[in-house]
Amino acid sequence: MSKITYIDSSGNSKTIDVANGLSVMEGAIQNNIPGIDADCGGGMACATCHVYVKEEWLNKLDKPEDAEQDMIDMAFEPKKNSRLSCQLIVSDKLDGLIVTTPSKQT
Amino acid sequence: MIKTDVVIVGAGPVGLFTVHQLGIKGLKAEVIDNLDKAGGQCIELYPDKPIYDIPAIPECTGKELTENLLKQIKPFKTNFHLNDRVQEVSNENNNWVVKTNKNKVFSAPNIIIAGGVGSFEPRKISLKESEKYEGKNIFYSVSDKNKFKGKKVVIFGGGDSALDWTLELSKISNVTLIHRRDEFRGAPYTLNKIKKLEKAGKLQVKTKYQISSIEGDVNIKSITIKNDEEKTIKIDTDYVLGFFGLIMQLGPIAEWGLNMNKKTISVNTENFQTNKKGIFAIGDICSYPGKERLILSGFHEAALASVECFKRARPNEKYRFQFTTSSKEIQERLGRKPK
């Protein structure tokens, strides 16, 4: 289990214990965290699980693949710290991760 | 009004295989899809990417899968209504009447929704003020390039549509291409050509910038772009073209009174019927306990839904299970000489 904090666009925050091995997206879906749609179900085929990673965490994460960056091009208001939460696999390394969800996904 | 046995909503892999499962049972179908071609996500999102989990096909691309499915259903000579979207549904004398955006009307005892995650629509600029210029100065596709002749055009995006139009319009317009990062996902060949033209001063390219505001009155006068360091640039322009890719919208189906579970339609696992008799949901759009969003799951769902469609479309006939290998009837429907 690792603690993942999801903050919505108006600042409300929820911290959830997510089992290691699940993605940050799955942690949100299984716990009814709003703001993450994940239309394609985790296939990197849409950009509706888009999150902003808290700056201090950016360099601690594995770099996104090109395919993820390509998808982020299609996300709603992408920024430098944009990631697809389906590609962030929870492990002890991610314990304490903070992500913010955009004001909408589509 | 087009009368048929089944209206299939969605021409993705599952919608296509549904035509097959209905066809071998002797049922006619009409297929409606919002895209301009069959194949759904396979053709729109990953035409050249490999798929490894289609039974008995160790590896194929999205395009190959689509082509093979189209080949497999060719004997049924099914009508496709592309570039159209289902709008309303109503019930008349136990038949479902479906109306589309283009005012086509279908009547059938069955509707099979194989709509994936919804219909593909262009992602738009998220600024509120962009709405009032949409269709006038802001476009998400190009229907007549001559409109831009001799004008200043700003193009956003990093994919093939953005690159192709940058190249094409640079011949007749003053083009600025803007993308949010240095890497482009469009074809390297096109990108090289664009870079050469940029060096020659024939067009401008700005990377790591995104739109931050639009200025104008009745028409757009300029836009302002901003990078991650908050540096802004104002660019005078007549037109803005946005190629930010496609998003999937469930659209009017959400208003059909079907039991929904978030963006998916709840079905039973016996025949994948929804809470409305004669309306089925299969593939990525349906949900039931244990649902996996795999193409192969959609194929299974199509097979079972087609049995119930047969019973509803041919109430006076008995459904008889048959194998394609041994059924003369099926082989005739497939246009094969029985062996």
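## Helix H5 of chain B

In H5(B), the buried residues include Thr190(B), Leu191(B) and Ile194(B); buried means under 20% relative accessible area and exposed over 50%, with partly exposed in between (1.4 Å probe, protein chains only). They sit on the same side of H5(B), because they cover an arc of only 100° around the axis, taken from the directions from the helix axis to the C-beta atoms. Turned away from that buried side is a face with the exposed residues Pro188(B), Tyr189(B), Lys196(B) and Lys199(B).

The cover over the buried residues of H5(B) includes H4, E14 and strand E15 (204-207) of chain B, with contact meaning heavy atoms within 4.5 Å. Helices (H or I, at least four residues) and strands (E, at least two) are DSSP runs, numbered from the N terminus. After H5(B) comes Gly201(B), with a positive phi near 75°.

## Model basis

This is a predicted model, where local features need pLDDT of at least 70 and side-chain atom pairs count only at pLDDT 80 or more, while totals for chains, interfaces and linings use all residues. Residues are numbered from 1 along each chain as its sequence is written, chains are lettered from A and ligands numbered from 1 in the order in which they are written, and side-chain values use heavy atoms, leaving out hydrogens and water.

## Ser173(B)

Ser173(B) is in the loop between helix H4 (160-169) and strand E14 (174-179) of chain B. It counts as buried because its relative accessibility is 9%. Not counting residues up to four places away in sequence, Ser173(B) touches Phe148(B), Lys149(B), Gly150(B), Lys151(B) and Val153(B).
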